[in-house]
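Hello,

Here is the structure I said I would pass on. My notes on it follow below.

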Amino acid sequence: MIQSIEKIHDIERKWQKKWEEARIFEADPSDKPKFFITFPYPYVNGAPHIGHSYSAFRVDCYARFKRMQRFNVLFPQGFHATGEPILGVVERLRKGDEVQIRTMKLFGATDEEIEKMKKDPKYVALFWKRRWIEDLKMAGFSIDWRRTFITTTITPQYSRFIEWQYNTLQRKGYVRQGTHPVIWCPHCQSPTGDHDRLEGEGESPIEYVLIKFKLEDSNVYLPCGTLRPETVYGVTNVWVNPDVTYVKAKVDGETWIISKDAVIKLNDQLKKVKIIEEVEGKDLLGKRVVEPISNRKVPILPAKFVDPANATGIVMSVPSHAPYDWIAIKELLDKPEELERYGVTKDELEPISIIKAPGLGEHPAIEIVERMGIKSSEEKEKLDEATKIVYKKEFHQGVLKDNCGQFSGMKVSEVKDALTEEFKKTGIADSMWETTGRVVCRCTTVCHVKILEDQWFLNFSNPRWKELAKKCLANMKIYPEEARQAFLATIDWLKDKACTRKTGLGTPLPWDKEWIVETLSDSTIYMAYYTIAKIINEKNIPAEKLTDEVFDHIFLSKGNLEEVAKSSGLDKETIQQMKEEFEYFYPVDLRNSGKDLLQNHLTFFIFHHVAVWDEMPDKWPRAIGVNGFVKVEGEKMSKSKGNIIPLRDLVKQYGADFVRINIVSASEDLEDADWRAENIKSFRNKTFFLFDLINSLEKMKGDSFGNAEKNLLSRLQKIIKATTEFYEKLKFRSGVQQAFFESINEIKWYLKRVGGVEKANRDVVRKVLTTITKLLAPMMPHLMEEFWQKLGNDGFVALAKWPEYEESYVDEEAELGEQLVRSVAEDVNEIIKLVGKKPNKIRVFVADSWKFDVYKRVLETGRVDIKEFMKDEKYRGKEVVSYLQKLSKKVGSLNKQFLEKEKQYSVLKEAIPFLSTEFRCEVEVEHAEESDNPKARNADVTKPGIYVE
């Protein structure tokens with residue numbers, strides 16, 4: 001019995017040891033077709049958890065599937081230490097951060113180990129690398145561990161590879177130095193890439209236009225930050241937060257009133273800012289500023305929704321088109337005493353409509369606020385939604401009205417750049433950069449945008465580079481296909497990106513060593529390093545011998561082997577061996593990850609490959625798989641909810657195989673997976689059923705090969721075909737539905753149909769169980785090895801040949817026959833329920849021959865022509881006319897698949913023992929034309945008549 005978790009763990013350890021001893025997952029060049037599959041290397045700042053497991057298990061299941069399809073599968077795994085993640089852990093531990101300490105302990109670190117982590121970032125990386133390897137082995141991953149490594153100078157050979165990569169990119173013109181806005185950590189004094197962030201992955205710099213409103217009778221400006229400068233034509237007032245202390249400051253020679261946060265940001269954006277004095281927000285209320293387009297004087301009014309951390313902390317109000325503005329105006333209009341205090345009349349705040357768009361009225365903001373029932377400026381979620389709806393419609397379909405000066409009649413989607421340029425030229429506007437959303441560095445510092453001079457950038461805006469990336473994408477398989485458009489859009493909008501930072505772990509930029517190659521920039525072509533890592537690790541090749549010339553020869557087929565060997569000090573045989581490994585295994589056949597990496601890592605993966613191998617398209621990646629995120633019991637994963645579950649804990653509690661199949665089958669395509677522990681019960685029960693059935697094979701004495709056996713083998717072929725097709729497209733939820741649930745349903749029906757285990761045909765059942773074991777081996781490798789052995793097979797099921805669809809076993813008649821038997825059984829059950837009594841006898845009637853003739857003739861012609869039928873004497877009876885009228889009502893939906901009359905009769909006759917046992921009474925099968933029972937007249941071609949006595 002395998003029901004106990006202890007026994008399951010014994011089985012897991014047994015097969016993990018056997019796999020390792022037989023080295024079945026180690027891939028070397030051979031005559032077999034290869035398949036190179038990868039999962040992005042994880043950060044070694046913690047151990048694997050349920051969130052990692054969904055993407056990772058998908059990769060392992062696919063690797064195992066391909067291995068059984070007779071591919072020489074290379075599935076290696078490295079680890080990522082670049083950037084701030086590890087230093088962030090160390091810093092938070094040193095600060096005594098309780099959340100970080102709890103997280104480390106959650107993943108199994110002791111107090112003693114945490115103390116060591118505080119002292120040495122390298123210890124952190126190596127500690128968690130060991131834990132990752134242990135946990136992945138415990139979960140049954142089929143990885144070639146000879147090729148593992150860890151990034152940064154911890155593995156100097158890998159750093160040498162990254163130096164070669166960037167020397168190559170620079171030589172080809174893809175790395176350049178320039179001045180660009182980047183997301184910046186003021187504590188680390190360094191750009192902060194996506195994977196160096198605690199919060200804000202995917203957020204980027206965005207340019208705000210600052211419209212300068214002049215304080216009445218002064219030379220002081222209140223610059224209002226906006227992403228929609230065209231709306232200045234509809235301004236009614238300016239908002240400040242009355243609870244905020246602003247500052248008056250000299251900004252490039254002008255005097256501005258701005259928030260304190262804005263001072264820090266503007267100083268980092270190449271502006272000279274000097275604070276003069278503080279200004280309380282409440283002291284600005286009621287004053288007037290001059291709107292710079294038509295010199296209208298508009299009031300300054302209070303709004304607590306104004307965020308001092310966003311742009312300048314001062315906002316212009318356009319109530320006709322901005323829901324937040326309208327609701328704030330409405331709240332003021334409801335308090336006449338407030339208006340009186342600020343010396344403002346209702347007429348001054350009358351909304352000004354400046355944009356017309358199909359489907360929107362004169363004042364879109366007012367209309368949507370009323371439609372959504374928004375009553376207060378505190379209803380932020382509703383206001384955010386309303387804002388998105390209005391802005392999206394106006395941006396894509398809006399046109400500026402006649403009151404917009406020289407820009408009247410222009411599309412909103414096209415006017416921004418020209419309008420901004422004109423406003424800046426006339427001195428009424430400036431700009432500053434913000435983040436598209438909150439970004440927090442791994443060191444816990446809130447980031448902002450800094451304009452960096454002399455920073456190194458990857459020139460993603462290069463048109464030729466974009467075209468190469470698109471060419472590569474066009475020839476790739478994308479799973480699911482719907483993700484392709486997102487890749488195309490990313491390639492189109494992707495702009496130059498900082499590829500270096502000043503702090504953190506990593507590889508120094510080879511020609512400017514004060515910079516370190518950042519996290520997302522040293523993780524793009526490392527799959528090529530996997531192909532040679534085995535040899536580097538086994539021979540312990542020193543980094544200094546891995547010269548650019550060596551890498552050029554291995555990866556780009558450049559240079560003379562003898563000269564390269566001589567100049568590097570590395571022997572020819574080793575260089576040639578590494579080159580042969582690369583040539584055999586490259587390119588990457590599939591890379592799979594979560595959808596959060598689509599707009600950065602996975603797209604960069606394409607860009608870097610086409611840059612390094614621009615003249616070798618045969619080395620470009622062949623496929624990318626993208627999947628959704630993971631929820632736990634319906635909720636988003638988060639530390640605050642305490643639902644980040646270590647993978648090790650799940651495996652210990654449920655067993656590796658049940659964790660694997662439960663999470664992998666939880667979703668497919670881009671939908672998020674939802675870990676539901678309750679689902680494991682169903683997987684366990686059905687798996688134990690299969691195990692018990694294997695142990696019961698010797699009890700099976702049946703030797704018949706009738707309709708039930710033919711149906712079972714036929715259905716098995718359909719399951720093989722469907723499962724294979726689903727697995728090929730990484731549709732594991734659908735694949736498990738076939739391989740696990742459908743197959744078990746078919747076996748259960750068969751056993752019921754033949755009258756139990758003892759009457760089953762052992763050879764047929766063994767064949768089915770053997771096939772199911774293969775189909776489930778990628779999902780449940782340990783238990784399926786145990787099944788494989790108990791079924792009397794040699795070797796490993798992990799290396800067994802994948803089941804092939806065999807047309808010779810497909811028997812449509814047998815399947816129709818079983819459907820007929822099932823439907824008769826279901827109909828009898830319904831009748832018994834209605835009658836409420838146990839039957840004494842059941843009579844089943846197969847329809848009259850003439851009904852079969854009529855039915856087939858209607859199917860052939862696709863119509864019911866009663867007059868035409870009446871021409872034939874045998875169809876002139878009242879019963880025939882009645883049947884034709886019945887068919888005429890459903891002629892378009894008639895079932896085209898049915899058994900001929902004699903076949904129906906023979907199948908139902910064969911099923912009498914089953915039906916008799918099922919209903920514990922006598923069963924007769926009769927031809928309707930031979931019976932005088934009125935129920936015989938009800939028998940139809942696709943539905944036999946039934947009479948229950």
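Please keep in mind that this is a predicted model.

In β21, A498 is the bridge partner of F457. Strand β19, residues 448-458, runs antiparallel to β21, and 2 bridges join them. Both strands belong to an open sheet of 4 strands with antiparallel pairing, in the order β4-β3-β19-β21. The edges are β4 (190-191) and β21 (497-498); each has a single partner strand, so one side of each has no neighbour in the sheet.

The helix pair. Helix α26 covers residues 762-776 and helix α27 covers residues 781-790; their axes come within 9 Å and cross at roughly 155°. An angle over 145° counts as roughly antiparallel, so that is how α26 lies relative to α27. The crossing of these helices is left-handed. On the α26 side, the contact is made by T770, T773, K774 and L776, and on the α27 side by M784, F787 and W788. By type, the residues of this contact are 4 nonpolar, 2 polar and 1 charged.

Leucine 266. Is L266 buried or exposed? Its relative accessibility is 0%, and buried means under 20%, so L266 counts as buried. L266 sits in helix α8, residues 260-267. Leaving aside residues up to four places away in sequence, L266 touches W256, I258, K271, V273 and M432. L556, by contrast, is 290 residues from L266 in sequence and 45 Å from it in space, C-alpha to C-alpha.

Regards

Terms used
Residues numbered from 1 in each chain as written. Predicted model: local features only at pLDDT ≥ 70, side-chain atom pairs only at ≥ 80, totals over all residues. Heavy atoms only, no water. Pairing = 2+ DSSP bridges. Axes fitted to C-alpha atoms, helices over the stretch in contact; angles between N-to-C directions. Parallel < 35°, antiparallel > 145°, perpendicular 65-115°, else oblique. Left-handed = near helix turned anticlockwise from the far one by under 90°. Contact = heavy atoms within 4.5 Å. Nonpolar A, V, L, I, M, F, W, Y, C, P; charged D, E, K, R; others polar. Buried < 20%, exposed > 50% of the residue type's maximum accessible area, 1.4 Å probe, protein only.
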